[in-house]
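Please look over the structure below before reading the notes. They are arranged by topic.

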Amino acid sequence: MSGGARDDIRFMAAALRLSRRNLGLTATNPSVACLIVKDGVVLGSAVTAPGGRPHAETQALAEAGAAARGATAYVTLEPCSHHGKTPPCADALIAAGVARVVVSVTDPDIRVAGRGLSMLQAAGIAVETGVLESKGRAALAAYLTRQTKKRPYVTLKLAVSSDGMLGRLGAGQVAITGPVSRGQVHVLRAETDAILIGIGTALADDPELTCRLQGLEVRSPVRVVLDPRLELPVTSKLARTARDVPVLLVTGDDGEPDPAFSARRKALEAFGVEVVQCDPRRLDTLLVALATRGISSLLVEGGARTAQSFLDAGLVDRILLFGGATPLGSDGVASPCVPGRVPAGFSLRHTARYGADSLQDYERDD
Ligand code: AOF
Ligand code: ZN
């Protein structure tokens with residue numbers, strides 16, 4: 001491999017790491033990173049700003065200033081070509097006089113879709129694409145899934161005891177994994193646009209589902225509960241915090257003519273809970289509705305029935321299996337996946353150890 005190709009991989013790897021910084025903050029825009037490099041020195045670096053704008057390139061170019069002339073720009077996603085809420089980044093790169101642009105993934109947004117690269121080439125800039133593309137696709141998975149499948153990227157997270165259980169019936173929250181694994185789950189929540197559970201888990205555990213890592217609380221995901229009969233109590237942590245972090249309850253029912261249902265709905269809405277009418281059994285329709293609201297990534301956090309219905313519907317892109325070290329015993333609720341045994345069509349990509357716990361990270365094959 002030539003020195004140039006090695007540098008391209010090194011700087012793109014750095015850009016991809018940087019791009020993860022604003023995951024969960026830029027919806028509906030992807031979190032993209034850009035480095036401006038000349039003679040092996042990084043002159044400017046930036047990631048899409050919280051809220052989605054400004055884009056990465058204009059910020060990195062501003063940092064590099066006049067020195068950007070003749071430099072190479074490394075961008076994790078094809079620079080935009082459209083006049084959206086900001087002018088095209090391709091124009092900004094041309095105006096700055098960069099000599100070369102290296103891209104990981106081309107942009108499927110129909111307003112861009114190759115036009116960004118053509119604009120650069122037409123201006124005489126050398127363009128290279130597909131550098132570290134599979135890593136780039138992983139970093140941009142949420143954005144790419146929403147663009148191409150019109151639904152969010154779905155991660156199923158399960159914490160499984162050493163004997164394959166998710167929890168004990170009627171026992172409320174049971175600690176299956178340790179503090180390091182739980183910290184990882186909170187990082188995941190910070191990076192994800194929405195989190196979903198079934199009403200069974202909401203009633204049994206009374207979870208809050210927010211990100212409670214110091215400094216990252218603002219990144220808490222929208223909380224979605226499949227709640228056909230609107231059973232979430234107004235006294236639950238979810239309802240009580242709905243003004244701070246949105247709560248959506250999904251029901252297929254419009255409540256007519258049941259006055260008790262309507263009363264529950266009114267009481268929940270008074271707490272700021274939003275009721276979304278969509279058949280909770282039609283998960284495909286629900287996902288499209290969530291994508292329409294700008295949600296590009298969804299974390300499914302249980303329980304067993306909800307997990308199984310997402311798997312049965314073929315709507316899981318990634319399975320994160322946290323394995324605890326201790327057994328729960330025979331009154332446990334069996335997990336639909338256990339370490340080493342997940343449904344066909346998923347491959348193990350990555351493993352880790354968090355204290356006494358294990359993590360297995362599976363991805364869908366297609
Ligand atoms: C870039 N650099 O950092 C990002 C890009 O709503 P707008 O006008 O901000 O445009 C959104 C589109 O911009 C989005 O769908 C994707 O095509 C692109 N995102 N492009 O050049 C960036 N975040
Ligand atoms: Zn742009």
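The points below go from the whole protein to single elements and then to the ligand. The model is predicted. Its secondary structure amounts to 12 helices and 16 strands, and 47% of the 366 residues count as buried.

**Overall shape**

- Computed along the principal axes is not meant here as an experiment: the C-alpha atoms are computed to fill a box of roughly 65 × 45 × 35 Å.
- A compact globule with 366 residues would have a radius of gyration near 21 Å, and the protein, at 23 Å, agrees with that.
- Of the contacts between residues at least 6 apart in sequence, 72% join residues at least 24 apart.

- Strand β1 (residues 33-38) and strand β2 (residues 41-47) run antiparallel and are joined by 6 bridges.
- Within this pair, Ile36 stands opposite Gly44 in β2.
- The hairpin has 2 residues between the strands, and Asp39 takes a positive phi near 50 degrees.

**Strands β8 and β9**

- Strands β8 and β9 run parallel, with 5 bridges between them.
- Across this pairing, Leu196 stands opposite Val224 in β9.
- Strand β9 (residues 222-226) is mostly covered, as 5 of its 5 residues are buried.
- In a regular strand, side chains alternate between the two faces of the sheet.
- In β9, Val222, Val224 and Leu226 point one way, while Arg223 and Val225 point the other way. All of these residues are buried.

**Helix α11**

- Which residues of helix α11 are buried? In this helix (residues 283-292) they are Leu283, Leu286, Leu287, Leu290 and Ala291.
- These residues lie on the same side of α11, because they cover an arc of only 140 degrees around the axis.
- An α-helix has 3.6 residues a turn, so residues three or four places apart point the same way.
- The exposed residues Asp284 and Thr292 are on the face of α11 turned away from its buried side.
- The cover over the buried residues of α11 includes α6 (141-149), β8 (194-198), β10 (247-251), β12 (297-300) and α12 (304-312).
- Just after α11 comes Gly294, with a positive phi of about 95 degrees.

**Helix α12**

- Helix α12, one of the elements that cover the buried residues of α11, has buried residues of its own: Ala304, Thr306, Ala307 and Phe310.
- Seen down the axis of α12, these fall within an arc of 165 degrees, so they line one face of the helix.
- Gly314 follows α12 and has a positive phi, near 65 degrees.

**Ala352 in strand β15**

- Ala352 lies in strand β15 (residues 346-354).
- Is Ala352 buried or partly exposed? Ala352 is partly exposed, because it has 13 other C-beta atoms within 10 Å, whereas a buried residue needs 20 or more.
- Ala352 and Met12 are 340 residues apart along the chain, and their C-alpha atoms are separated by 24 Å.

**Surroundings of ligand 1**

- How many residues surround ligand 1? There are 19, and the closest are Val32, His55, Cys80, Gly84 and Asp109.
- By type, the shell around ligand 1 divides into 8 nonpolar, 6 polar and 5 charged residues.

Methods
Residues numbered from 1 in each chain as written. Chains lettered and ligands numbered in written order. Predicted model: local features only at pLDDT ≥ 70, side-chain atom pairs only at ≥ 80, totals over all residues. Near = placed C-beta within 6 Å. Nonpolar A, V, L, I, M, F, W, Y, C, P; charged D, E, K, R; others polar. Pairing = 2+ DSSP bridges. Helix = DSSP H or I, 4+ residues; strand = E, 2+ residues; numbered from the N terminus. Buried ≥ 20, exposed ≤ 12 C-beta atoms within 10 Å, placed from the backbone. Arc of directions from axis to C-beta. Contact = placed C-beta atoms within 7 Å. Rg over C-alpha atoms; globule rule 2.2 N^0.38 Å.
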